[in-house]
Amino acid sequence: MTIKSYQASSAIEAYRFVKFTDEKLVETASAATDNIIGATDSTKTIEGDVADVFLPGEIALIQAGGTFGAGDALTSDENGCAIKAEAGDNIGAIALQNAVQNDVIQAIVVINRTNATKTQAENTETQGGQS
C-alpha cells in the first residue's frame with residue numbers, strides 16, 4: 001500500500017483530495033484545476049499534524065461533493081470533495097462506485113494533469129494530429 005505522510009499546512013477533513021503547498025506540506029484541494037496529489041485517509045487532521053495520503057494506484061475512500069457514477073473521472077470541488085471531472089479539469093481519481101453528495105465511496109487514485117497553457121489545436125498537434 002502506498003500511503004505517504006505529509007505535514008498539514010491547515011486543517012484537512014477526512015476523505016479529501018489534497019495538493020502540495022510546498023514539497024513537504026499539503027492542504028485541501030479547492031478547485032478542479034488544482035494539482036491533486038492524492039486523497040486523505042479517515043483521520044481529520046489539524047494544522048501541523050501529519051496527514052496520511054493515498055497516492056496514485058491506491059484505492060482510497062473519498063467523500064462525494066455531488067452525483068457521479070462508477071467509472072467517472074473525479075476532481076476536487078472547493079472543499080476537497082470528489083465531483084465529476086469535466087474537460088480541462090485535473091483528475092485525482094476514478095470512481096469505483098456510484099455516489100450522491102456526502103456519500104463516502106471507493107475510488108482509485110489516478111493523477112492526470114491538463115495543460116491549461118496549450119490551446120486545443122496545440123494539444124491535438126502534440127498528440128500526432130489525432131482528435
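Leaving aside its neighbours within four places in sequence, which residues is Ile-62 in contact with?

## Contacts of Ile-62

The list is Tyr-15, Arg-16, Phe-17, Ala-39, Gly-80, Ala-82, Asp-103, Val-104, Ile-105 and Ala-107. Contact here means heavy atoms within 4.5 Å.

## Basis

This is a predicted model: local features need pLDDT of at least 70, side-chain atom pairs count only at pLDDT 80 or more, and totals for chains, interfaces and linings use all residues. Residues are numbered from 1 along each chain as its sequence is written, and side-chain values use heavy atoms, with hydrogens and water left out.

## Nonpolar cores

The largest nonpolar core has 17 residues. Such a core is a set of buried Ala, Val, Leu, Ile, Met, Phe, Trp, Tyr and Cys residues joined through side-chain atoms within 4.5 Å; buried means under 20% relative accessible area with a 1.4 Å probe, protein chains only. Phe-17, Ile-62, Phe-68, Leu-74, Ala-82, Ile-105 and Ala-107 have the most contacts inside this core.

Two or more residues come from each of strand 4 (36-40), strand 6 (59-63), strand 9 (91-95) and strand 10 (104-112). Strands are DSSP runs (E, at least two residues), numbered from the N terminus. Strand 10 gives the most, with 3 residues. Another core, of 9 residues, lies apart from the largest one. Tyr-6, Ala-8, Ile-37 and Val-53 are among its members.

## Strand 9 and its partners

Strand 9 is largely enclosed by the rest of the structure, because 4 of its 5 residues are buried. Strand 9 pairs with strand 7 (residues 73-76) in the antiparallel sense over 2 bridges; pairing requires at least two DSSP bridges between the strands. Here Ala-73 stands opposite Ile-94.

Strand 9 also pairs with strand 10, in the antiparallel sense over 4 bridges. Ala-95 stands opposite Ala-107 of strand 10.

Definitions and conventions:
Buried < 20%, exposed > 50% of the residue type's maximum accessible area, 1.4 Å probe, protein only.
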